[in-house]
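Reader: Please show me the structure, and then take my questions one at a time.

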Amino acid sequence: MKKIFGIIAIALFFYACGSDDTTITTDDSGTGNTGNFDRSAMLTNWADNIIVPGYVDFNAKVNTLESATAAFTADASDLTAVRAAWLDAYTTWQRVSIFEIGPAETVNLRLNVNIYPANVTTIESNIDNGSYDFGLSSNRSAKGFPAIDYLLYGLGADETAILAVYNGAEGAAYKQYLNDVVADMKQLTVSVLSEWQGSYRAAFIENDGASATASTDRFVNDYIFYYEKFLRAGKMGIPGGVFSGNVEVGNLEALYAGNLSKELFLVGLDATQDFFNGKAYNTNAQGESLSSYLDELNAIKDGVDLNEIINSQFDVARASVSALGSFESELSQNPPSTFLESYNEVQRLVPLLKVDMVSAMSISIDFADADGD
Amino acid sequence: MIQQVKRYLNTQREAAPLAVFRVSFGLLMLASLIRFWSHGWIEKFYIAPSFHFTFYGFEWVRPFENYTYLLFAICALSTIMITIGYKYRLAIIIFFLSFTYIELMDKTMYLNHYYFISMLSFLMIFIPAGSYFSIDALQLSRKRAATPIQFVPRWTIDSIKLLLGIVYVYAGLAKLNSDWLVKAMPLKIWLPSKFDIPFIGDLLGQEWVHYAFSWFGAGYDLLIPFFLLWRKSRPFAFIMVIIFHVLTRVLFPIGMFPYVMIVSALIFFDVGFHKKIIYAFAKAVKYPQQLLETTQHYAPRNLNLAKASIVIVAIFFTVQLLLPWRYLAYPGELFWTEEGYRFSWRVMLMEKSGYAQFKIVDGVSGKRFYVDNTDFLTPLQEKQMSFQPDFILEYAHYLRDHFEGQGHQEVEVYVESYVALNGRLSTTYIDPKADLAQIEDSFAHKNWIIPFTDEIKGL
């Protein structure tokens with residue numbers, strides 16, 4: 001009796017933990033309780049349809065900015081073209097800023113092209129000295145989009161005054177600096193793009209496991225980190241005084257050009273929602289994504305439709321921010337109550353992403369290397 | 001009845017199982033400490049953070065900056081003494097005190113199995129595990145020409161079995177709830193994410209597997225001590241112990257715990273089995289064989305002390321049996337409020353995560369702002385803090401003191417928090433209108449926790 005019991009139990013156990021031979025038919029229609037979401041397909045969609053096309057477009061916009069800058073420095077008579085190229089590249093940047101993983105993380109792309117506010121003192125002293133090392137972290141706030149913002153909008157009270165600087169005694173130094181800032185951005189962008197087009201894409205997709213260092217887990221962390229720190233806090237929370245108690249207009253993105261920060265924020269918000277839904281770059285095609293992953297998990301869990309909840313909160317946040325005037329005008333109110341109400345709608349996504357989504361996917365946030373029980 | 005108890009307490013058994021238990025316990029604890037040290041966790045968890053979450057009543061237990069390493073070294077030294085059986089009683093007392101102190105330094109690090117080690121080592125203080133196959137026995141025979149003992153009170157061996165039994169059975173009882181049995185939660189969340197484990201990865205996404213693991217897990221915990229006790233089912237039960245704990249090791253990051261449980265289960269085996277192990281070891285280390293066959297019985301040197309030991313152990317087990325039920329004294333859902341959750345052998349029962357954003361209000365100027373938790377807490381501390389009310393309160397007090405130290409006056413601290421439990425959508429956790437700066441922690445019910453919106457049936 002004992003033996004039979006033991007044998008049955010052990011046999012049952014090994015059946016339960018079966019090898020690959022114990023084939024259980026998996027239902028791929030998504031209606032069954034399979035739970036075997038194809039993370040590799042999601043990573044491929046991210047890389048091929050979102051990230052790489054994003055960097056390709058951004059790289060093109062940086063190239064346009066480079067030629068527009070060259071044209072402007074050759075003949076500093078009109079700022080319109082170079083300003084337009086800057087805005088175009090800056091807008092596109094909002095779509096790729098999320099992807100701070102792999103090559104972009106290695107070169108710290110985000111810190112190198114978009115630390116704001118720009119440090120005007122450093123910029124001016126760099127121009128005065130005529131020599132500067134953009135590789136130094138102390139120069140990060142003296143280059144990138146915020147530095148160009150200052151150089152194209154902040155050097156004088158109006159366009160005439162700004163052009164006068166470029167055509168004045170120090171003009172050559174300013175032109176040189178502008179060219180160097182753009183060249184630095186170009187060099188960083190090219191290096192990131194070429195890595196993605198080279199070996200990194202395959203490495204990214206191949207790492208499709210479930211460990212803390214797997215692509216999905218790391219990327220979801222990076223994605224939420226971007227949403228929380230750079231979109232929510234950087235573009236709205238900090239200027240709105242959420243963390244300090246004082247409105248800090250000087251911390252707005254695109255400070256000198258003015259009245260752009262709301263639009264840049266909205267592009268960033270669109271980018272995060274499109275990424276969530278796996279929407280291909282600049283088209284409406286959708287592939288495997290965090291949202292389809294949640295749908296898949298929901299099929300097993302038979303719980304709330306988190307995917308819908310997150311998407312509708314994205315929509316609410318967008319509608320709320322869109323209804324605002326420019327951030328500058330909103331922040332001139334004291335207290336800026338409407339601005340802060342919109343911020344709260346943006347904030348509501350944080351727990352949904354950071355608690356609900358991550359918990360449903362069993363992805364740990366900010367990996368803590370420790371034992372559990 | 002009393003006669004029977006007296007007779008039981010006077011019964012003696014061969015000490016071999018205790019010796020095997022002592023040696024393996026010592027070695028595993030040493031390995032555990034080396035592992036902890038080599039992962040850099042002493043620095044990361046105890047030295048680097050500027051703030052530590054403390055246990056109620058143990059706020060005075062603090063890390064000693066770099067001397068914390070010394071504490072770990074003392075603890076490790078005691079495990080070596082335990083292993084070789086050198087000044088056993090002193091060694092196990094040092095181990096209990098140093099290990100428990102380590103565990104009390106930061107509540108963030110609380111794990112059921114660390115608590116288990118603390119309780120086990122406390123119990124071992126009253127067990128003569130060092131008097132057989134040990135340096136102590138060797139020295140005794142050389143110095144005084146006395147014969148080392150071979151027989152110890154039976155209750156000392158049985159008490160280890162009882163403690164293991166309590167751990168298993170209470171862990172099993174805790175699984176008898178609707179989330180675990182009816183919804184297969186949280187395994188339904190955890191298992192599919194382990195899809196990349198070789199061989200079984202694909203199966204882990206299957207719903208029936210989640211149910212099978214849940215029900216098997218509950219049944220295993222409830223029954224395994226009894227199958228280990230019964231001689232006929234023992235070998236089979238031990239195989240199950242190995243399979244079960246190796247599987248949990250593969251599936252979850254639970255460190256040394258599976259090995260501790262596997263080795264501890266050996267205590268249920270007969271003397272013959274343990275003697276085989278000891279004789280093999282004795283041969284290898286050239287331990288004199290005649291010291292293993294002495295017929296000498298254990299006789300306490302101080303009779304009052306021996307009686308006191310039995311009373312202490314009896315009280316210890318009463319506490320162990322009652323403490324897990326203290327949650328019944330609190331209103332609300334245990335998994336949600338966690339009032340009475342710790343020290344109750346509730347193991348791997350919840351997928352719970354949270355988000356807590358603190359708002360500081362200067363009561364005089366009316367100025368208000370939010371706190372960036374990463375300024376004060378490590379990622380692990382922030383994670384644990386965000387869904388446990390006592391952590392939230394302690395942190396709120398820390399923030400109050402910090403910002404008052406910065407010159408803010410009459411600081412009020414509010415928290416906007418969301419918690420998700422076992423696949424439910426996150427909901428507000430702490431009353432956002434409660435000024436945490438004013439609330440003192442106690443054993444009383446925390447009425448500033450927003451009640452759970454769902455129901456979990458069961459124990």
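Reader: In which sense do strand E5 (residues 411–421) of chain B and E6(B) pair, and over how many bridges?
Author: This is a predicted model, in which local features need pLDDT of at least 70, side-chain atom pairs count only at pLDDT 80 or more, and totals for chains, interfaces and linings use all residues. Strands (E, at least two residues) are DSSP runs, as are helices (H or I, at least four), numbered from the N terminus; two strands pair if DSSP finds at least two bridges between them. In E6(B), B:Thr427 stands opposite B:Val419. E5(B) and E6(B) pair in the antiparallel sense, over two bridges.

Reader: Which are the edge strands of the open sheet of four strands in chain B?
Author: The order of this sheet is E4-E3-E5-E6, with antiparallel pairing. An edge strand pairs on one side only, and this holds for strand E4 (368–370) and strand E6 (427–428) of chain B.

Reader: Is A:Gly144 buried or exposed?
Author: A:Gly144 lies in helix H7 (residues 144–154) of chain A. Contact means heavy atoms within 4.5 Å; not counting residues up to four places away in sequence, A:Gly144 touches A:Asn112, A:Val113, A:Val181 and A:Met185. Buried means under 20% relative accessible area, exposed over 50%, partly exposed in between (1.4 Å probe, protein chains only). With a relative accessible area of 0%, A:Gly144 is buried.

Reader: Why is helix H16 (residues 349–361) of chain A largely enclosed by the rest of the structure?
Author: After H16(A) comes A:Ser362, with a positive phi near 55°. The helix is largely enclosed because its buried residues number 13 of the 13.

Reader: How are residues numbered?
Author: Chains are lettered from A and ligands numbered from 1 in the order in which they are written, side-chain values use heavy atoms without hydrogens and water, and residues are numbered along each chain as its sequence is written, from 1.
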